[in-house]
Amino acid sequence: MDQAIPSQAIPSQARVVIVGGGIIGCSIAYHLAKLGWRDVVLLEKGHLTSGTTWHAAGLVNQLRASHTLTQLSRYGVGLYERLEAETGQATGFLRKGSMPIARTEARLTEIRRMAALGDCFDVEAYEITPSEVQDLWPPMDVTQIKGAIFIPGDAQVNPVDTTMALAKGARAHGVRIVEETPVTAIRRKHGSVSGVATEQGDIACEYIVNCAGIWAREIGLMAGVNVPLYAAEHMYVVTEPIAGLSNKLPIVRDTDGCIYIKEDAGRLLVGCFEPEAKPLPLDKLPRGAEFIELAEDWDQFEMPMRNALALIPCLKSAPIRQFLNGPESFTPDNKFIMGEAPELRNFFVAAGFNSQGILNAAGAGKVLSEWIVEGQPSIDLAELDIARFGRFQNNRRYLAARTRESLGLLFQMHWPYRQVETARPVRLSPLHARLVEHNACFGEAVGWERANWFAPAGVEARYDYAYDRQNWFDYVRDEHGAVRNTVGLLDMSSFAKYLVQGPDAERELQRICANDVAVPDGKVVYSQLLNRRGGIEADLTVTRLADERYLVVTAAASQSRDFNWIARNLADGARVYLTDVTSGFGVLAVMGPRARKLLSRVSDADFSNQAFPFGTYQEIDVGYARALALRVTYVGELGWELHLPTEFMVPVFDRLFEAGADLGLKLCGMHAMDALRSEKGYRHWGHDITPAETPLEAGLGFAVSFKKTTAFIGRDALERQRETGLTQRLVHVMLEQAEPMMFHDETIYRDGVIAGRITSAAFGYGFERPLGMGYIESGKDGAGDELTKDHFEVDIAGERVPATISLKPFYDPKSERVRL
């Protein structure tokens, strides 16, 4: 093992300071050095790997729950395989394969869907029968299982040795690694980092990367940055050597049993992700502790161990050599935290890996290093971006409550539409009590309780999860029908809302928005906000309220992220004020062919096309209130959004509900909206459009103004793309049969060859078919009308289902309905 530089040898300055010497910190040091940034210092408060890395199980799997996570983990297998040859440091890399097994038919469907995703990444994964499982794993009682997937390319490593190999590679390129040097403060200047303080002195720097593991939240607070993670106890046992045990056994992931099993030097390691975890407040740990081992807890481990004994009978006679209980960090949404902190420029975070740090460290280190060096990530990292969190999510009580559930969710069924159950409620709409009275079934989004669907009287408003039609399916059909045929009312109060005001408001928004917002007062503009590569960072509307005053409306999940993007891109010295007014205004969406008639009953405003055309705003009377009325839609029908101060929401809701009784008015939830927007082809940011796709690829060129003279962010990239042509483009996809259901990340085949993947989908009640959107490759032949001549299929859990592909939305492709 290389000797660390003595703590007293810390430099007075560096370009980058990395805080934390676990595998992720060492990976970032390694990858920064590979990119040519060698003036890097890594500070570790104890010794390398002494936080959580040292007790990791070392599993390296390739297929994850999403496209982005699979990209990252797949890179890790390749890097770890070659790392020993590059550095001379052993890593313990063994490519033995992995085997997710299923005890239930539902779990078998889940792992089949995961295997199908592997086709998009050229990851070999195939289904095997219980008898074939027996051949690969003779000690297993295969009567316990329905089937399995075998992924021969998966591997295992020694976590400590792998970390040391990354550290050695980083040092070889000039990185300094300093142990036994805790960071005591973060220095800031003019809204950016300026250095770190240690007991040995300060280090001035341009960038700080917080890789402090379970202590990352505390390091963040030193900098005024929210890093929402919380520690929990994570347990595994290791047996004594078992006679006759093969050293070629693949890793077993028995998620129904809440366990994973790996062979290591003739022993078996059995770990668990139990349904209800034990949160661990850091103040219960000894100050400055390293290589922490918590007390054994057989009561907590009893259920997983019983499942292991039933599955692997030889465990019953195998003595336990070690019970290891160590801390791991978990996040509120089970996705790790990466990126530049919204609160402080050049303060980056890579933490909260939810006990998956080994398999993700290589990919995360690579892409975060690229983000630091190039100013933006090389792939879509929106689902991992630290800017996705609200400030409330750093609340310790919230984190402790959610962590009880988060750990176990890693191995629970990943049902479509699954809702978290803990740390609720947090944020309530002014209409929440009214929606409860109407038997709403609520889902959670960034703390908001939102009505996802409404149960009829006498029916319990709760989910019965499944991969086929869930229990709410027919109720949502009725909600969908109301919006298409009569009128629906949706509570959209969770929309994020900002005011942009000041003499320079127009100038700044013209540069930040791709579309032209230099419009007359009262005009609503649909636009994307782009990065320098032309990728879509936000998808929103901008309404000009007055000469120096704009209203920006975006999705609830993007509240923190979009606000930060706008704030970060305002020019220094600009005379503009950005204010988040989300909590001050509720929103009622009145949508459907009878929306005009309903609103005319509660308002004296003229809602005719001539007086109130599509894409405009007016301030109107409604009931006894004043509302900002925007004629826009996300469902593809005539309609208005009513933005009201929160104290007026309940009276206006009551008046609308009463006035619409004879018009067929129906309360509608988020599932209905998802089906409606999918039929109409309205994109969903984070799925159909992300920082990795441009408006031209997404078919949103109409929302980009090349006529305006402003050099808006991303313009150069789009103009180059117009010249060189597209390599992919978004298409609309409809299955040619009513089942199975389609959700996202299913593989699209074109004449038997992989062509792309589904980005989002829902059931199209108007067509009695699942439908959605996805991207397909467009080579020299393009992706034009000729694609309708080809044969398309979508792989759903191993079944290839014929599909129809269109460049235009299946519903109302000319958008005539919204202008009724």
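Let us begin with strand 34, residues 753-764, and strand 35, residues 769-777: in this predicted model, eight bridges join these two strands, which run antiparallel.

Six strands close into a barrel, in the order 32-35-34-33-36-37, with antiparallel pairing. On average, neighbouring strands of this sheet are turned by 40 degrees against each other, direction ignored. A helix also packs on the sheet: helix 16, residues 670-680, touches strand 34 and strand 35, and its direction makes about 135 degrees with that of strand 34.

I now turn to strand 33, residues 747-750. What joins strand 33 to strand 34? The two pair in the antiparallel sense over four bridges, and T747 has R757 of strand 34 as its bridge partner. Strand 33 and strand 34 form a hairpin with two residues between them. In that turn, D751 has a positive phi of about 55 degrees. Strand 33 is also joined by four bridges to strand 36, residues 792-796, and this pair again runs antiparallel. Here R750 stands opposite F792.

Are the residues on the two faces of strand 33 buried or exposed? In a regular strand, side chains alternate between the two faces of the sheet. In strand 33, T747 and Y749 lie on one side and I748 and R750 on the other, and all of them are buried. Both faces of the strand are therefore covered, since buried means under 20% relative accessible area.

Next, a pair of helices. Two packed helices are described by the angle between their axes and the distance between the axes. Helix 2, residues 67-87, and helix 8, residues 357-374, pack at an angle of about 100 degrees, with axes 7 Å apart. Helix 2 is therefore roughly perpendicular to helix 8. Helix 2 contributes L69, L72, S73, Y75, G76, L79 and Y80 to the contact, while the residues from helix 8 include I358, L359, N360 and K366. By type, the residues of this contact divide into eleven nonpolar, four polar and one charged.

Where is F614 found? F614 is in the loop between helix 14 (595-602) and strand 28 (617-622). F614 counts as partly exposed, because its relative accessibility is 27%. Leaving aside neighbours within four places in sequence, F614 is in contact with K523, R631, V632, T633, V818 and R819. The C-alpha atoms of F614 and V524 are separated by 8.7 Å, although these residues are 90 residues apart along the chain.

Terms used:
Residues are numbered from 1 along each chain as its sequence is written. This is a predicted model: local features need pLDDT of at least 70, side-chain atom pairs count only at pLDDT 80 or more; totals for chains, interfaces and linings use all residues. Side-chain values use heavy atoms; hydrogens and water are left out. Axes are lines fitted to C-alpha atoms, for helices over the stretch in contact, and angles run from 0 to 180 degrees between N-to-C directions. Angles under 35 degrees count as roughly parallel, over 145 as roughly antiparallel, 65 to 115 as roughly perpendicular and the rest as oblique. Contact means heavy atoms within 4.5 Å. Ala, Val, Leu, Ile, Met, Phe, Trp, Tyr, Cys and Pro count as nonpolar, Asp, Glu, Lys and Arg as charged, and the others, Gly among them, as polar. Two strands pair if DSSP finds at least two bridges between them. Buried means under 20% relative accessible area, exposed over 50%, partly exposed in between (1.4 Å probe, protein chains only).
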